[in-house]
Amino acid sequence: MRKSHITKVMAMALAASLAVGTAPAVYAADTAEPKVVYSFDFEDGDVSAFTNRGGDDTTELSASKDAAVSGETALLASGRSESWNGPAFRLDDKLEPYTEYYISAKIKGRYYTGAMMSFQYTVDGETKYSNLVQNLNGSDWMSVERVKVSFTEDMEGVYVYFEGGSDDLFIDDFVVEEVPAVEIEQDIPGLAAMFGNDFKVGTALVPGNLSSRSTMDLVEKHFYQSLTAGNEMKPDSVLNKAACQAYVEETGDDTVPQISFGAAKPLLNYCRNNNVPMRIHTLVWHSQTPDWFFKENYADDGEWVSKEKMLLRMENYIKVFFETLTELYPTVDFYACDVVNEAWLEDGKPRQPGEQGSGGSAKSAWVQVFGDNSFIEPAFTYARKYAPEGCKLYYNDYNEYMDGKMNAIIDMAKDLKEKGVIDGIGMQSHLDARQSLDAAFPSVAMYNNALNKYSELGLDIQVTELDVTTPENPKDADFAVQAAYYEGIWDAIYAHKDNISAVILWGVTDDQSWRAKQYPLLFDAEYKAKECFKSIVDGYEMPEVIPTNPPVIPTEPATTEPTTKPVEPTTPVVEVTLYGDANGDDVVSIADAAAILQAIGNADKYELSEQGKANADVCNPGGGLTAADAIAIQKLDAKLIDSLPVTE
Ligand code: XIL
């Protein structure tokens, strides 16, 4: 299989990259140095580019000569009443989306301070924040140096802000620079081109990665066959708490979770616009799933719901997840889905019951509600019922090569296979090269053994989250071990290629990895191929026909039993006053969607007025009310669409 004609491989790779139409990107010569876009030393006394975050009345921003790094003046935030009050700089009204910027600044408390630089934005009405730099501590000036930020066009109210303590905060020398694009190596083989006829080659991204031209050049060259959202399609990103609670308020029904793909939208749009197939990750998981999802009325302090109610929530979540996705993105190839993630422990037992945050990451609210792992089978049954055609269903886990866990997965998979509801096993493959090949965990032999065992099941295998850590602060020798180990693992994967349909790296460059301190990926922070990249391609030949992604012809959504009965078609007898306003309160909101669903479900009890019916009939006017009318209003409310179908 392997040959060592590396020169030939390289030459063919170049030809191949031209063949798939990925012409080398052209970069202006002057982009090598970061370009300064904003710079504030506050010497002119103007602090108007900053606002106070956190909405207290007492904080004041002013130019002060009490402390300064450059010159004599700094920005002072005084009178802060909460640790989250502080100077904020808005990005989305001044800078471009899909562009990377460096933020640098000097920060100081009046006395000793623990300060942070943080990031905030709003998508679909939900505000999110994260800490960019946390470990600023001291009584003197502290430096924030070239921290990368970016945003997408879907985000609004995007701020970088300073917080921490309740002491006065000084900021000086605040600089925003545009990160220069780096040209990626064109003279190396493309991974997807090289292996993509055997299995799809892909990666995981978060929306921020879309702003890095160089990262996306690497994606387009090496990983164009599959994309996984790093976090944005997990339950905590998809479930919309406010909408869930509003729906309960309106209908009294707390079994129909309300969702939004707002967080994933930039990635979904990328896949649609570039014809990249998507792996869906993940529907049912103990982690990154809010505890309130398992509580009465979706209240943080509610009682745990019954198993029966949770089954309804699960079914409706899976249903609305697939229905919404396929409706919004009919041309994206959702070819695989992790239905259940990480349900078995290393000893082959289910997780401990409990809240996710209650002592250790091993606890599972699913186990809390079901008592055991009996939630797995219905999850697959519902996924099979509602997933679009062509979307294969996987059980996904880490440490999947350890005996106890592996045997539990195999027993479960046999059972699910017999019931026809599973298509494959996702081997996460978060591996650890350590100091030597002998110490690597798992050994290549152990990993190979797992590949053998899962192959024997007669199910498909996907390597879903491959990365291989080095020790922290790695030296050259550690990278050499990593390369040798990656090579062994890759060869084992390749030897099982007939049973493997996709190999996905969990990220592109080391610095962007969730395990960045241990340099686990194939490309370094400068977008250069590492030794481990070279070791896996070395000796493989470029195929004559380079794989491309066939365009997706939209198919009819999976035919499912309607859960609500459409009412008899009616002709609007009254003139529409406001399309979407089913309950006649002169606004279009989620309450209208709820009123429609109630009317469809129980027309006797919840009949709409004639005016309401006319207003509500937004899809195919005159055709009568259906759930589609309610869904359209929900989508408008979640900002997934800009206008109702009838007004388009
Ligand atoms: C990780 C993400 O990469 C991180 O950004 C996040 O903080 C935690 O989750 N197994 C999985 C993935 O199935 O969803 C996890 O992703 C990594 C382990």
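Me: Which residues of helix α16 are buried?

Reply: A residue counts as buried under 20% relative accessible area. This is a predicted model, so read every value here as computed from that model. In helix α16, residues 627–637, the buried set is Asp629, Ala630, Ala632, Ile633, Gln634 and Lys635.

Me: What do the buried residues of α16 pack against?

Reply: Look for contacts with other elements. Here the partners are helices α7, α14 (590–601) and α15 (610–616).

Me: Which other residues have a positive phi?

Reply: Two examples are worth a look. Asn275 is not a glycine, yet its phi is about 55°. Glu342 is not a glycine either, and its phi is near 55°.

Me: Where do Asn275 and Glu342 lie?

Reply: Place each one between its neighbouring elements. Asn275 sits in the loop between α6 (265–274) and β14. Glu342 belongs to the loop that runs from β15 (334–341) to α8 (365–370).

Me: Is Glu342 buried or exposed? And what about Asn275?

Reply: Compare each value with the cut-offs: under 20% is buried, over 50% is exposed, and partly exposed lies in between. Glu342 has 10% relative accessibility, so Glu342 counts as buried. Asn275 has 26%, so Asn275 counts as partly exposed.

Me: Which residues surround the ligand?

Reply: List the residues around it, then sort them. Glu342 is one of them.

Me: Which side chains place a polar atom by an oxygen atom of the ligand, and at what distance?

Reply: Check pairs of N or O atoms within 3.5 Å. Glu465 has a polar side-chain atom 2.8 Å from a ligand oxygen. For Asn231, an N or O atom of the side chain is 3.0 Å from an oxygen of the ligand. Trp506 also has a polar side-chain atom 3.0 Å from a ligand oxygen.

Me: How much of the ligand's accessible area does the protein cover?

Reply: Start from the ligand on its own, with 420 Å² of accessible area. The protein covers 75% of that.

Me: Where are the cis peptide bonds?

Reply: Read omega. A cis bond joins His281 to Thr282, with omega about 5°. Thr282 lies in strand β14, residues 278–285. Another cis bond joins Phe441 to Pro442, with omega about -5°. Pro442 is in the loop between β18 (430–432) and α11 (444–456).

Me: What does the side chain of Lys295 reach?

Reply: Follow the side chain to its partner. The side chain of Lys295 reaches the backbone oxygen of Asp300 at 3.3 Å. Leaving out residues up to four places away in sequence, Lys295 touches Asp300, Gly302, Glu303, Trp304, Val305, Arg313 and Glu355.

Me: Where is Lys453, and what does Lys453 touch?

Reply: Find the element, then the contacts. Lys453 is in helix α11. Its relative accessibility is 30%, so Lys453 counts as partly exposed. Beyond residues up to four places away in sequence, Lys453 touches Met406 and Ile410.

Me: How far apart are Lys453 and Lys148?

Reply: Take both sequence and space. They are 305 residues apart in sequence, and their C-alpha atoms are 43 Å apart.

Me: How many helices and strands does the chain have?

Reply: Now step back to the whole chain. The count is 16 helices and 20 strands. Of the 648 residues, 53% count as buried.

Me: What does the radius of gyration say?

Reply: Compare the chain with a compact globule. For 648 residues the globule would have a radius near 26 Å; the chain has 27 Å, which agrees. The C-alpha atoms fill a box of roughly 75 × 75 × 50 Å along the principal axes.

Me: What share of the contacts joins residues 24 or more positions apart?

Reply: Take the contacts with a separation of 6 or more. Residues 24 or more positions apart account for 78% of these.

Notes. Residues are numbered from 1 along each chain as its sequence is written. This is a predicted model: local features need pLDDT of at least 70, side-chain atom pairs count only at pLDDT 80 or more; totals for chains, interfaces and linings use all residues. Side-chain values use heavy atoms; hydrogens and water are left out. A residue is near a molecule or strand if one of its heavy atoms lies within 4 Å of it. A polar contact is a pair of N or O atoms within 3.5 Å; within protein, one must be able to donate a hydrogen and the other to accept it, and residues adjacent in sequence count only if both atoms are side-chain atoms. Accessible areas come from the Shrake-Rupley method with a 1.4 Å probe; for residues, only the protein chains shown count as cover. Helices (H or I, at least four residues) and strands (E, at least two) are DSSP runs, numbered from the N terminus. The radius of gyration is taken over C-alpha atoms; the globule rule is 2.2 Å times the number of residues to the power 0.38. Buried means under 20% relative accessible area, exposed over 50%, partly exposed in between (1.4 Å probe, protein chains only). Contact means heavy atoms within 4.5 Å.
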